[in-house]
Every structure is written in C-alpha cells, then in structure tokens.
Amino acid sequence: MAKRSMSLLGQWSSRVFSIDLDKRGALLNFALTEKPQQAPEKFRNIQERCYSVLVCGDDRIQSARFYFGLEDLLRNELPAECELLPVSSYLPHVKDSLIRGYFLKDASECPSLTRRVLGALGLSEQVQVCSYLRGPDGGRWSQQLWSGSENQNMDVSKTCYVVPSEEANYHPSVLNMENSDVFYCRAEACKVLQESCDIIPESRAVLELVGKTDASRHSPDFPVVVIEGLDATGKTTMTESLREALGARLLRSPPQCLSPWRAVFDREPPLIRRAFYALGNYITAEQMGKEASQAPVIVDRYWHSTASYAIATAVSGPVSSLPPEGSPLYRWPPDLLQPSLVVLLTLDPQERKRRLEARGQGQTDEEQELDHNLLFRLRVEEAYRRVRGPACVVVDAGPSADKVLQQVLLLIKEHCRL
Ligand SMILES: Nc1ncnc2c1ncn2[C@@H]1O[C@H](COP(=O)(O)OP(=O)(O)OP(=O)(O)O)[C@@H](O)[C@H]1O
Ligand SMILES: Nc1ccn([C@H]2C[C@H](O)[C@@H](COP(=O)(O)O)O2)c(=O)n1
C-alpha cells in the first residue's frame with residue numbers, strides 16, 4: 001500500500017510547519033517552496049543536521065499510539081546529542097489537517113547512526129521522514145522528503161526550500177481538537193473506544209456501561225450542582241459539606257463504576273484518554289437524571305473538567321494560545337444533561353501548593369505537570385472560565401472551609417429552586 005503521507009505531497013508546499021521551540025509558546029513556522037529562497041531568520045542560527053519525523057498513518061488509533069510512544073522511542077535509539085522538538089504540519093484554516101511529529105537537531109559525531117534509525121522508522125507506513133540541508137551560504141535551507149522505499153539511504157524524491165510563513169493567530173492543535181481532544185456527542189466518543197477494542201480490551205467494558213438514552217432534555221426535579229477546580233482547591237471538602245447541608249446525593253465524574261479502568265486509559269494518548277473521560281460524563285449524567293428526581297445532586301467534576309484539561313493540554317504556551325473566547329470548542333455537548341449550576345473553586349497558587357503538601361498524597365502525572373508548569377495551570381483555569389452552557393460561577397476558595405461553604409450555599413439559593 002502506498003504511504004498516505006505520499007498523497008500529501010501534492011499539498012506539501014501549501015503546508016505550514018510549526019516547530020515548538022519550548023513550552024512557553026515560541027513557535028518557529030516555515031513553509032516550503034520549489035524556488036531557492038532565504039530561510040526564516042531563526043533557521044539561520046541552526047548549525048546542526050536537521051530532520052523531521054511526521055506521523056501520518058490512516059488508522060487514527062494506531063497513529064495516536066505511535067505518536068504517543070515516539071518521543072521515548074527516539075530518545076532511546078538516537079544519540080544523546082539529538083535535540084527533539086515537537087513539530088506540527090497543517091494546512092492553514094483546514095480542519096483536521098494537522099499531522100504531528102518531531103523535529104530533530106543532531107549535534108552528534110555519528111550522523112550515520114541517526115540516519116540509520118530514521119531510515120528504519122521511515123519504512124513504517126505511518127511515518128514520513130525529511131532531512132533539512134543548510135546551503136553553502138547558510139541562508140538557504142532545503143527540505144528533502146525521504147521515499148518510503150526499502151533503501152535506508154536518503155533516497156531523495158523531492159526537494160523544496162524552507163521559507164518563512166505567516167504566523168498563525170492560534171495554536172495549530174486547535175485545527176484538530178474536535179473529535180480528537182474534545183468530543184461533543186456520545187456517539188463520537190463511543191466510536192473511538194469501538195475502534196480501540198482490539199488493542200485495548202477494557203474499551204468493551206466501558207462501552208457496555210454507557211447507556212443509549214438521551215437524558216439531555218429531561219429537566220430534573222431537584223437542582224444539580226457541579227463543583228469544579230484544579231487539584232486541591234477543595235472540591236472534596238465542598239461536595240461532602242454540601243451533601244450534608246442539603247441532604248443531597250453525591251456523584252462524581254468519572255463515576256465509581258469506571259474506577260477499575262481509569263489507570264488503563266490514563267496511560268493512553270489523548271484521543272483515547274479523552275474519549276474515556278467524555279463517556280464518564282454520560283454515565284454520570286444518567287445517574288444524575290435518576291438521583292435528581294428524589295433529592296438535590298452534588299457532582300465532583302463534570303464536563304467543564306473534561307473540556308478544559310483536554311483543550312489546555314493540546315496547546316502549549318500562554319493563555320493566548322487557547323482557542324479564543326467564544327470559540328465553538330467551548331460549547332456544551334447538546335446530548336449531555338446540563339446542571340443547574342457549576343461552581344469553579346479557584347485558589348492562589350501558593351495556597352494550593354501548601355494544601356497539596358499538607359495533604360501529603362501522591363499526585364497524578366497531570367497534576368505534577370500543573371505544579372511544574374504554571375502556564376498549563378493558567379490555561380486550564382482560563383479554559384474553565386470560557387466553557388459555556390452553563391458557564392461556571394467563580395468562587396475564591398482561599399477563605400476558611402466554612403466561609404467558602406456559606407458562599408456556595410448562597411449561590412445555590414440564588415440560582416436553583418430548592
Ligand atoms: N477552605 C479551606 N481552607 C483550608 N484548607 C482547606 C479548605 N478546603 C479544603 N482544604 C484542605 O485542602 C486539602 C485539599 O482539599 P480537597 O481534598 O477537598 O481538594 P480537592 O479539590 O478535592 O482535591 P483533588 O481534586 O485532588 O481530590 C485538604 O487537605 C483539605 O482538608
Ligand atoms: N470529568 C472529568 C474528570 C477528570 N478528568 C481528568 C482531568 C485531569 O486529567 C484528571 C483530574 O482528575 P482528578 O485527579 O482530580 O481525579 O482527570 C476529566 O477529563 N474529566
């Protein structure tokens with residue numbers, strides 16, 4: 001079978017390549033042209049031999065898993081002097097056109113080892129390898145696409161020149177977010193798990209728990225109040241107190257019944273992991289519908305968490321790299337039950353860290369990332385504030401637990417019929 005990536009060749013020169021130079025949002029964008037031209041300014045400082053490895057297979061589950069493991073694979077196989085930078089290639093404004101991979105700067109003494117590793121990788125149907133050559137004047141760079149032939153040498157099939165491209169006004173990941181990071185209907189999330197069944201047998205068990213009825217239009221008799229926030233902002237404390245104060249039922253998303261499989265899906269790439277959490281919301285929604293016919297319901301995390309963590313993880317850099325406020329990516333899935341009120345607990349980063357340390361519990365990988373990466377934490381919180389349908393009401397969780405509880409009870413009185 002011909003490589004799918006080869007069919008991209010016709011569009012190769014329309015593509016923008018965006019190299020993520022650091023996690024702080026510095027992107028190096030370039031395009032390709034057939035006429036020799038000067039490379040972007042930032043390219044001219046590069047002294048190393050350069051390559052790109054893009055993952056562009058037909059099977060989205062296999063490609064997502066392959067890309068997820070690619071960084072480790074490259075780090076294990078390549079000389080230590082190879083610097084790896086995430087790279088995306090996309091057609092501007094074209095939804096779902098993004099393909100991802102790594103840009104390699106090789107400063108090692110052994111170029112043949114790097115080429116051997118990349119040559120072997122290039123044989124895979126889901127990988128496209130290119131090398132970049134600096135012209136003698138230093139200002140020009142050419143890109144050579146490696147053919148997928150079994151010849152592991154650089155079998156150059158097309159040469160293009162690296163030229164500056166216009167800066168995009170959003171992060172390229174935004175193009176592929178819908179149905180890859182965020183799922184706006186149960187059927188789309190189910191599809192991902194159905195496609196995963198052969199390689200992740202636990203997907204079947206999850207799918208069996210997901211109902212088929214659409215409870216979204218059913219308006220519960222009692223209020224449903226969701227408590228959201230980053231780790232250690234006081235969600236557990238608040239939800240327990242509200243349960244007591246209101247005689248409410250307490251639910252969480254993902255629901256208890258998914259606990260046996262959560263760790264399995266946490267080890268999967270975003271496509272599969274986010275589909276799992278999306279389905280967790282639908283299972284919790286069914287429980288909400290039942291419980292709220294008898295008593296008020298309090299929910300620990302729900303759709304705001306699923307959408308916000310997914311969107312904030314898919315992009316890098318500052319809050320400005322998020323999809324803009326009002327983007328349809330912040331919409332509520334029409335088939336997912338809407339709560340009566342969503343409260344977002346926020347906390348000063350120092351106080352949150354103090355509470356985390358006082359609690360002395362292990363953190364999830366993602367929460368460790370929050371600690372290390374202030375930008376990520378800011379992105380998650382800003383995404384929370386942008387999600388609509390209903391929008392969250394922000395409450396400062398800094399004061400004493402009792403004071404915060406009184407404030408939330410007041411909000412419930414204002415927003416809900418009790
Ligand atoms: N208002 C408050 N003032 C001081 N300490 C608080 C307050 N609310 C909660 N805490 C303490 O902060 C720690 C974190 O609170 P809690 O476990 O409720 O947060 P959480 O948001 O549920 O965290 P996670 O998402 O990780 O489960 C706990 O030790 C809790 O006792
Ligand atoms: N409804 C939910 C609940 C949780 N998540 C994800 C987001 C984070 O990665 C992690 C946080 O959960 P915690 O450690 O507080 O149990 O789980 C989600 O996507 N949707």
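In the protein chain, residues 24 or more positions apart account for 75% of the contacts (heavy atoms within 4.5 Å) with a separation of 6 or more. The model is predicted: local features need pLDDT of at least 70 and side-chain atom pairs count only at pLDDT 80 or more, while totals for chains, interfaces and linings use all residues. Side-chain values use heavy atoms, with hydrogens and water left out; residues are numbered from 1 along each chain as its sequence is written.

**Overall fold**

- The protein chain holds 14 helices and 13 strands, taken as DSSP runs (H or I, at least four residues; E, at least two) and numbered from the N terminus.
- Its radius of gyration, over C-alpha atoms, is 24 Å, close to the 22 Å that the globule rule (2.2 Å times the number of residues to the power 0.38) gives for 418 residues, so the protein chain is as compact as a globular protein of that length.
- Of the 418 residues, 52% count as buried, meaning under 20% relative accessible area (1.4 Å probe, protein chains only).

- Among the 15 residues around ligand 1 (a heavy atom within 4 Å), D231, A232, K235, T236 and T237 come nearest.
- The largest share of this shell, three residues, comes from α7; α7 (235-246) and α11 (349-359) each supply at least two residues.

**Polar contacts (N or O pairs within 3.5 Å)**

- Oxygen atoms of ligand 1 lie 2.5 Å from a polar side-chain atom of T236 and 3.0 Å from one of R359.
- A backbone N or O atom of A232 lies 2.9 Å from an oxygen atom of ligand 1.

Notes:
Chains lettered and ligands numbered in written order. Polar contact = N/O pair within 3.5 Å; in protein donor to acceptor, adjacent residues only side chain to side chain. Buried < 20%, exposed > 50% of the residue type's maximum accessible area, 1.4 Å probe, protein only.
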